[in-house]
Amino acid sequence: MKETGKYQPYNYFQLMEVSLRELLVEKGIVTEAQVAATVEDMRNRTPERGARVVAHAWSDPEFKRKLLADGTRACEELGLDVPALRLVAVENTPAVHNMIVCTLCSCYPRMLLGIPPDWYKSRNYRSRAVREPRAVLAEFGLDLPDEMKIRVHDSTADMRYLVLPMRPAGTEGWSEQQLAAIVSRDCMIGVAVPRIA
Amino acid sequence: MGGLPAGRVEPAEHDNAEWEWRVDALMTLLTGVKGGKKLMTVDELRKNIEALGPDAYDRMSYYERWVSSITQTMIQRGVVTTEELGRKMEQIEKRGRE
């Protein structure tokens, strides 16, 4: 962490952050080093982690079975820590498309995708994803056939969802690395599907 | 807000500013995810965000709501007092001007 919150003009809320943090440090509740390490940790958590899980599930049917049965355990098997949370992987099929939202706040499978994008936290997405998911998906450029069912999963503080997209045709024989490269963050939120370039 | 009418979803992305990352880190640390003492829960974060009022979404940014809520929770839990916080904020502002 380069900038450590030294004392330049702050707005009210930045001032609140510095003040709260310094008080917590003085009281021995957290240390600056812990804060810095946690930030570093969060920066390193990117959607590539989730893509690795998806690519592995596409390549290894036994892992896929485990992932769908117990997402937390399956991720731990890959060395990905899912602290104190239940991770539920939901599988897209030709009949059902899944998407995730948090209507209450901004719960998100951070351990696999990093911090959520702004739009995921927005009032518009959170309000409409559960009411008119098809229209929302169309705004993301995803037009699904009318007969395909859309299932919207509302995340909670201790239950997070991850969409397991369908493996596109034409990827037979691909390595897990090649597969992971076509699994974007939005595919795992369910507002996109993987495509071969 | 789930189910309420609302506008088009703008595909906005956002790079956290340093202070925003730190707010996020404080939340992680205070909820004991890293094995430290558990001094608040995600539900308290949400409760105190909701207590900011229905227009908080329009007035405040995401991490502004978070830092307000975390601070409020720490006051409610008696971890810090309003006086300590007020003094600290004043002190830091002064330090900034020097």
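1. Conventions. The model is predicted, so local features need pLDDT of at least 70 and side-chain atom pairs count only at pLDDT 80 or more, while totals for chains, interfaces and linings use all residues. Residues are numbered from 1 along each chain as its sequence is written, chains are lettered from A in the order in which they are written, and side-chain values use heavy atoms, with hydrogens and water left out.

2. Interface size. On the chain A side, 55 residues are in contact with 56 residues of chain B (contact: heavy atoms within 4.5 Å). The two chains bury about 5300 Å² between them, 65% of it on carbon and sulfur atoms. Buried area here is the accessible area (1.4 Å probe) that two parts lose on being put together, summed over both. A:Phe13, A:Leu20 and A:Arg123 supply 12% of the area that chain A buries against chain B, more than any other three residues.

3. Chain A and chain B share 9 salt bridges (side-chain nitrogen of Lys or Arg within 4 Å of a carboxyl oxygen of Asp or Glu). One of them pairs B:Glu13 with A:Arg185, with the closest N and O atoms 2.6 Å apart. Over all chains, the count is 24 salt bridges.

4. A bridge between helices of two chains. B:Arg22 and A:Glu17 form a salt bridge at 3.1 Å, N to O. B:Arg22 lies in helix H1 (residues 18–30) of chain B and A:Glu17 in helix H1 of chain A, so the pair joins two chains. Helices are DSSP runs (H or I, at least four residues), numbered from the N terminus. B:Arg22 is buried at 2% relative accessible area; A:Glu17 is buried at 0%. The cut-offs are under 20% for buried, over 50% for exposed and partly exposed in between (1.4 Å probe, protein chains only).

5. A bridge within chain A. A:Arg21 and A:Glu32 also form a salt bridge, their closest N and O atoms being 3.1 Å apart. A:Arg21 is in helix H1 of chain A and A:Glu32 in helix H2, so the pair ties together parts 11 residues apart in sequence. A:Arg21 is buried at 1%, whereas A:Glu32 is partly exposed at 34%. Through shared partners, salt bridges join A:Glu17, A:Arg21, A:Glu32 and B:Arg22 into one network.

6. Domains. Chain A is assigned domain 1 (12–44) and domain 2 (47–189), with bounds from an automatic or database assignment. Their C-alpha centres lie 31 Å apart.
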